[in-house]
Structures are given as structure tokens and as C-alpha cells.
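User: Hey, I'm new to this one. Can you walk me through it?

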Amino acid sequence: MKVLLVDDHPLILSALKAVIQGLGDDVTVVGAGSAAAARATLKADAEFDLVLLDLQLGDANGFDVLTELRSAYPALPVVVVSASDRTSDVIRSIDMGAMGFVPKRASNDTLFEALRLVMSGGIYVPPMTMGIDSGAAGGPPSTEPDTVPGYMKVIGAQATQSDYQTTPTLAALGLTPRQTDVLALLLQGKPNKLIARDLNLSVETIKDHVAAVLRALGVNSRTQAVLAVSQMTQQSGGLTSTWRLGNR
């Protein structure tokens, strides 16, 4: 596995390199101390398996770099590693295409778990309690466009300090087989039109299924659904093949 670390703090960069190299003898870690250095590294050699990106870079906004990487290298998974663990930053990162978000205060074991999950096709988010806005469970879900949103409304002001989240399991959601199919495709980032084509159903029927899935999850957007399912699968011991998420 070949990993690119993008962080402008030399001590943190060195520490992360040492930790990630502990994953195995076949792991190669390359450090980049700036967004410019990361661009140059990828231009010279795009054969990386994973990027770990700090949001606070001296020469660029981390979210802008995330957008740039997802556009230029759509098959390359990006995991945000940040000093922040705010709910808004987690949601924005996942919404913009990151395959994971790991707070820098997390343990080495948590980082290992996150990287293994991402490399197996999953999405990792830290345990948190998601505050739901007025359009969530208990009220009608918001009407979403027919494509995955670019930026979503923040659903919680802060992540709590607790180390767990009380969430129902996927099996306990009571989804029908068709709703389960819709959720699996929704988690791959597919818009309603593509889901309708894949399942040979009308777009209006898919919209009804998506609304039912969001209600079952207690959320009101696709990104919130990704976060909720990610935390459920983490609590249940990992993703089965049914729930593996494709690169977004």
C-alpha cells in the first residue's frame, strides 16, 4: 500500500508516517508538507492507494484541496486527519467526497481501524451524536435534488464528548428488500435517475423509497444517511459485502 500524507506540521507528519508504517512491511508512506508539494508528488507519481489530508495547511484551504483531489483523482480515496472533531467539519468532509475523517486525538488503533475500513471500501467517521435539524425525524424529510448535494446544511453545532453513539442496527430499521437495494445504491453516491435505471423503476418510485429510507434512519439528507450507516456498521463490527461503499 502506498500512502501520501499531506500535513504542514513536521512533527505530526513524522509521527503519522511512523504510525502508518506500522500497518505492515508492504506500506510505503510519502510525506508532503504543503498542498503544492502534494500536487507535485501526485503529478510525478499518481500510483498512490490512499491520501491522508490535514484540513489546516499553510498554503491552501484543506476543503479546497479535498475538492481538487476528488476531481483530479476520483478513484483515489482521501481520509481527512484533523485537529478538529466538529460535527460540521466531519459532515462537510464526507459530503465533499472524503472516505473517512479521523481526529488527530484518536488512538493509533482507531487510525488503523479507519484505514483498514476505507481500504476495504467503507467510510469511517468518528463516534458522535448527530444533532438533527427541524426537517429530520419527526417531521417530513427535506426535498433533495436528483443529484448528491455539494454542500449540506450543518445538522449539529458540535460533536459531543462521548465515545459512543446510540444507534439502531441496520437489521432493526425494518427496510423492505427494495428499500435495502435503494439504500445500497444511495450509499454509492448514485442519483435517483441512475438508481431508477439500475432497479428498473420510475424516478418517482425511487424518490418515495429514498424518503422512506431517510425516515427509517432518522435523517433528512443523503450525507446524513452515509454518516448514520457508517456508524452503524462500525458498531456492528464492520461492513458486510452488501454494505460496502464504492469510491465516491
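This is a predicted model: local features need pLDDT of at least 70, side-chain atom pairs count only at pLDDT 80 or more; totals for chains, interfaces and linings use all residues.

User: Okay, how many helices and strands does the protein have?

Analyst: There are nine helices and five strands. The order from the N terminus is β-α-β-α-β-α-β-α-β-α-α-α-α-α.

User: And how much of the protein is buried?

Analyst: Buried residues are 50% of the 248. Buried means under 20% relative accessible area, exposed over 50%, and partly exposed in between, using a 1.4 Å probe and protein chains only.

User: Let's look at strand E5. Which way do its residues point?

Analyst: In E5 (residues 100–103), Gly100 and Val102 point one way, Phe101 and Pro103 the other, and all are buried. In general, side chains in a regular strand alternate between the two faces of the sheet.

User: What does E4 pair with, and in which sense?

Analyst: Strand E4 (residues 78–82) pairs with E5 in the parallel sense over four bridges; two strands pair if DSSP finds at least two bridges between them. Val80 has Phe101 as its bridge partner in E5.

User: Switching topic: where does Thr41 sit?

Analyst: Thr41 is in helix H2 (residues 35–44). Leaving out residues up to four places away in sequence, Thr41 touches Leu4, Val30 and Phe48, where contact means heavy atoms within 4.5 Å.

User: What about His209, is it buried or exposed?

Analyst: His209 is buried, with a relative accessible area of 17%. It belongs to helix H8 (residues 203–217). Not counting residues up to four places away in sequence, His209 touches Arg178, Gln179, Val182 and Leu201.

User: And where is Asn200?

Analyst: Asn200 is in the loop between helix H7 (192–199) and H8. Its relative accessibility is 70%, so Asn200 counts as exposed.

User: What is the phi of Asn200?

Analyst: Asn200 has a positive phi of about 55 degrees, although it is not a glycine. Most residues other than glycine have a negative phi.

Methods. Residues are numbered from 1 along each chain as its sequence is written. Side-chain values use heavy atoms; hydrogens and water are left out. Helices (H or I, at least four residues) and strands (E, at least two) are DSSP runs, numbered from the N terminus.
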